[in-house]
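Welcome, and thank you for opening the viewer. Please keep the selection tool at hand, and let us take the tour one stop at a time.

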Amino acid sequence: MVDEAANVLPGSFPMVGGDGDYSYAKNSSFQRMIIDAAKEMISESIFDKLDLKSLGFDDTCGTFKLADFGCSVGPNTFIAVQNIIEAVQTKYRADHQDNHQNSSSALEFQVFFNDHYGNDFNTLFQTMPPSRKYFAFGVPGSFHGRLFPKSSLHFANSSSSLNWLSKISKEILDSRSPAWNKGSIICSGLVKGVSEAYSAQFKNDTEAFLNARAHELVPGGLIVFVLFSLPNGVPMIDSNGGKLYGFLGSCLIDMTTKGLIDEEKVDSFNIPLYFPTAEELKAIIERNGCFRIERMDKLPDPPLMRLKPSPESVTSQIRAVFEGVVKEHFGYDLVDKIFNFFTAKFAENFIFGELIKDHNNVNLFVLLKRVIN
Ligand SMILES: C[S@@+](CC[C@H](N)C(=O)[O-])C[C@H]1O[C@@H](n2cnc3c(N)ncnc32)[C@H](O)[C@@H]1O
């Protein structure tokens with residue numbers, strides 16, 4: 001039975017598809033750095049914590065089933081999946097060192113690529129690495145609901161995706177509520193009511209994600225995810241992500257002053273992203289109780305200066321991610337104007353080095369094991 005939550009469309013804002021100038025495929029080098037930074041921790045985690053024998057992979061061949069939740073289009077998802085497959089093969093070889101007939105080629109891999117229905121699955125499949133050694137499937141739908149049959153996955157991965165909320169809570173948009181987010185498009189961390197509303201939504205969404213995966217993963221199966229988090233006591237507006245998205249907000253406010261956008265329209269625009277603290281996330285996982293936290297670590301900081309951050313390239317990276325939300329809220333006709341404004345203001349005001357100097361984001365690596373309960 002498919003859970004109805006998997007079919008809910010609101011809150012679905014996939015990244016820019018295709019291979020054009022603003023496409024996610026061409027503008028996701030930052031997220032790629034995070035996948036690269038996680039490679040070693042994934043290998044170690046699989047080597048130490050994946051018990052292939054108890055999952056039923058003995059000396060005969062078997063099919064290892066893994067899914068990438070929030071895959072977008074390539075190339076990042078292909079790199080993440082390849083890193084996992086290589087680590088599982090290494091583990092399998094180590095388990096069968098004394099048996100030359102059973103090399104890792106005895107293992108076959110089935111890979112499920114998940115994202116929202118509106119994701120550009122055509123580009124995803126058209127750009128799959130020709131040399132891949134796995135069987136590929138697309139699984140459309142929200143990862144906040146059930147997407148797979150019971151106990152059908154051995155491994156779940158998710159990179160830079162679990163920060164996305166399924167929706168903006170009503171109070172954030174209500175001028176009579178202490179959670180009204182007037183004058184800001186993010187959870188800046190400066191208004192208690194706003195932070196509480198965003199945090200509650202993140203908690204609901206993460207619980208929904210864990211509950212769905214708890215059904216889908218076999219006992220002993222692993223989840224690895226990487227997400228943006230904040231050090232304790234640091235408001236999102238002081239993180240580099242927060243500063244950059246807050247800068248987009250300041251462009252929108254400037255555009256209202258110039259009469260280019262209605263103020264009300266800007267007040268009702270909120271980016272559905274939340275950066276939890278590690279403690280907040282830990283509490284959600286522990287309360288859920290279906291998974292044991294095997295590892296929760298800060299990733300090494302990505303070498304951001306390698307991004308060659310011209311105003312145009314920063315705009316393209318931001319646009320590849322947020323064009324969908326911006327278009328949905330402000331309409332197609334304003335999209336170019338908003339992002340052109342962003343480029344121009346960035347060129348005048350923003351120094352990338354300053355942005356990343358005190359960069360307060362933590363890219364958090366989390367490894368969970370499905371416990372038998
Ligand atoms: C920043 S992209 C990350 C893509 C890729 N994992 C990477 O590391 O480059 C976030 C992706 O998560 C997807 N996403 C967000 N919420 C989702 C949900 N509830 N269900 C499925 N996909 C979701 C978005 O559509 C988007 O493709």
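Rings of Phe, Tyr and Trp (its six-membered ring) are paired when their centres lie within 6.5 Å; planes under 30 degrees apart are stacked, over 60 edge-to-face, and the rest tilted. By this rule there are 21 aromatic pairs.

Before going on, a word on the model. It is a predicted one, in which local features need pLDDT of at least 70 and side-chain atom pairs count only at pLDDT 80 or more, while totals for chains, interfaces and linings use all residues. Residues are numbered from 1 along each chain as its sequence is written, and side-chain values use heavy atoms, leaving out hydrogens and water.

**Stop one: ring pairs**

Select Phe57 and Phe64: they form a tilted pair, 5.8 Å centre to centre with 40° between the planes. Is Phe64 buried or exposed? Phe64 is buried at a relative accessible area of 0%, and Phe57 is buried at 4% (buried is under 20% relative accessible area, exposed over 50%, partly exposed in between, with a 1.4 Å probe and protein chains only).

Next, select Phe113 and Tyr134, another tilted pair, with 6.3 Å between centres and 50° between planes. Phe113 belongs to strand E2 (residues 107-115), and Tyr134 to the loop between helix H3 (121-126) and E3, 21 residues apart. Helices (H or I, at least four residues) and strands (E, at least two) are DSSP runs numbered from the N terminus. Phe113 is buried at 0%, and so is Tyr134 at 7%.

Now pick Phe30, Trp164, Phe228, Tyr245, Phe275 and Phe322, which ring pairs link into a cluster.

**Stop two: the sheet**

Show the strands. Seven of them make an open sheet in the order E3-E2-E1-E4-E5-E7-E6, with mixed pairing (two strands pair if DSSP finds at least two bridges between them). Strand E3 (135-140) and strand E6 (291-298) are at the edges; each has a single partner strand, so one side of each lacks a neighbour in the sheet.

Select E6 with strand E7 (residues 362-370): they run antiparallel, joined by seven bridges. Here Asp297 stands opposite Phe365 in E7.

**Stop three: charges over rings**

Finally, select Lys91 and Phe47: the charged end of Lys91 sits over the ring of Phe47, 5.3 Å from its centre. A charge sits over a ring if NZ of Lys or CZ of Arg is within 6 Å of the ring centre and within 35 degrees of the ring normal. Arg319 lies over the face of Tyr22, at 4.0 Å from the ring centre.
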